[in-house]
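Hi,

Here is the structure I said I would pass on.

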Amino acid sequence: FVSNWKQKSMASTTKGATIFFKSLPKIPIIGKMGWQKVHALLQKEPLEPTVVSSSVTGAASREGVNIPAHINFGDAIVVDQKKSVGSYVADLKGNKFLDLYSNDNSLPLGYNHSGLKTGLSNENIALHLLQGTNTALTPSQAVLDVVDETFTSVAPHGLTEVNLTAQSENEANELALRAALSKYSQQNGSNGPLSVISFKGNSHGDTLATLSASSDRVSSKIDVPAFQWSNLDFPALKYPLIENEKVNRAEEERCLENVENTIKSLRGRAPVGAIIVEPIQSNGDAYATPFFFRGLRHLSRQYGVNVVADETQTNLSTGNNWAHQHWGEDVVPDFVTFGRRMQASGYYTSPEFRDYATDELAIGSNNIARAFVFQEINKILNKQNLISFSNDAGAFVRVHLIQLAAHFPDLVQN
């Protein structure tokens, strides 16, 4: 598989680059699954992307496609869900694209997974789609079971409370911030305004609080009222990491010092009650080392500030169930929000925050119905050991990216 990719992708490159790829070490990435199982998973996928139309974007790509004139799709590609498979998405023109974004981070098993299709005969999915469920007041036994058997089984270490009242990732972050600020206010007797610290490049949502904490889309904030919260520098690391350890450590220390100074300066005016951060920025293209996040957690404990780890984009995608697990076993946020790949949205927290959870948004059907979809996804993840497999594949890619960065430093920036 890798050999074919090398030959095809490097055919038109320089001789030196071709020699470089041939010199790369062969790294076993299959682990416990074995090549036969991998082939079984991939056998229905195309061997490579194919383009058969004259254009894949713009007006030309939509000729002959029935799009109502009053619907504004911009440059969107109209896809063919039935013909999409695995990591490949098809459009109505017959083009097949390698989808590196997994349909906006929502398909942990890819398109039209045969095992998942079989699992969707679960009657609880249709049952909870047909009728709204107030998970705070009148949950069904099936809801209690799926929380206990599935969502509890993937809970972050030390966070045993599961809140499934959100209807989207936006609401998951909003509700987590609300609970974090509520606890801080009541424990500190604060009756005035509170502040939240977030970081430049982070994206947390489009609701009032989450948009106030985001900085990735400035255009979304035009004419929209917002909280005047602190949006601080996120570490701007230099690559390759191994050659810039001292510079990067100084940069992360600078950002941590900025956090501490902000907490101190807002005392008595609008105390910082919460910090929200993405373990890996979904839109900001930035990453920090465990040193930064461990320092952030240390400061939060020192000043009694609650930390929300926004994992709505990073769950089930980094070789662990949660990206914050890479910070170290002893670094546990107060809240971990989830969504996207886990289908349903909500947050995990510890029992000490139970009294500060809200249930105003608990009535809904889609989020709970999709909780049963995740139940089926999780069965497949465990049966095929896919989280461990992604860890092996990630190690393979990482080693080769490091070598690529060394040979082509102008092309690899992060």
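**Charges over rings**

The charged end of Lys-183 sits over the ring of Phe-353, 4.9 Å from the ring centre. For this I asked that NZ of Lys or CZ of Arg be within 6 Å of the ring centre and within 35 degrees of the ring normal. Arg-249 also turns up, lying over the face of Phe-291 at 3.8 Å from the ring centre.

Before going on, some ground rules. This is a predicted model, so local features need pLDDT of at least 70 and side-chain atom pairs count only at pLDDT 80 or more, while totals for chains, interfaces and linings use all residues. Residues are numbered from 1 along each chain as its sequence is written, and side-chain values use heavy atoms, with hydrogens and water left out.

**Aromatic pairs**

How many aromatic pairs are there? The count comes to 13, where rings of Phe, Tyr and Trp (its six-membered ring) pair if their centres lie within 6.5 Å, and planes under 30 degrees apart are stacked, over 60 edge-to-face and the rest tilted. One of them is Phe-151 with Phe-338, a tilted pair at 5.8 Å centre to centre with 35 degrees between the planes. That pair links distant parts of the chain, with Phe-151 in helix H7 (residues 141–151) and Phe-338 in strand S10 (residues 335–338), 187 residues apart. Helices (H or I, at least four residues) and strands (E, at least two) are DSSP runs, numbered from the N terminus. Phe-151 is buried at a relative accessible area of 0%, and Phe-338 is buried at 0% too. My cut-offs there are under 20% relative accessible area for buried, over 50% for exposed and partly exposed in between (1.4 Å probe, protein chains only).

Phe-293 and Trp-327 make a stacked pair, 4.3 Å centre to centre and with 5 degrees between the planes. This pair also links distant parts of the chain: Phe-293 is in helix H11 (residues 290–303), Trp-327 is in the loop between S9 and S10, and they are 34 residues apart. Both Phe-293 and Trp-327 are buried. There is a cluster as well, in which ring pairs link Phe-151, Trp-322, Phe-338, Tyr-348 and Phe-374.

**Salt bridges**

Searching the whole structure gives 11 salt bridges, each being a side-chain nitrogen of Lys or Arg within 4 Å of a carboxyl oxygen of Asp or Glu. Lys-200 is partly exposed at 43% relative accessibility, and Asp-233 is partly exposed at 22%.

Within helix H10, Glu-251 and Arg-254 sit three residues apart, about one turn of the helix. Their salt bridge has its closest N and O atoms 3.0 Å apart. Glu-251 is buried at 15% relative accessible area, whereas Arg-254 is partly exposed at 36%.

Arg-294 bridges to Asp-330, with the closest N and O atoms 2.9 Å apart. Arg-294 belongs to helix H11 and Asp-330 to the loop between S9 and S10, so the pair ties together parts 36 residues apart in sequence. Arg-294 is partly exposed at 35%, as is Asp-330 at 48%. Salt bridges that share partners also join Lys-200, Asp-233, Glu-251 and Arg-254 into one network.

Asp-310 lies in strand S9 (residues 306–310). The Asp-310 side chain does make a polar contact with the side chain of Asn-173, at 3.1 Å. A polar contact is a pair of N or O atoms within 3.5 Å; within protein, one must be able to donate a hydrogen and the other to accept it, and residues adjacent in sequence count only if both atoms are side-chain atoms.

Ile-275 is in strand S8 (residues 272–277) and is buried at 0%. The C-alpha atoms of Ile-275 and Val-308 are separated by 6.1 Å, though the two are 33 residues apart along the chain.

Cheers
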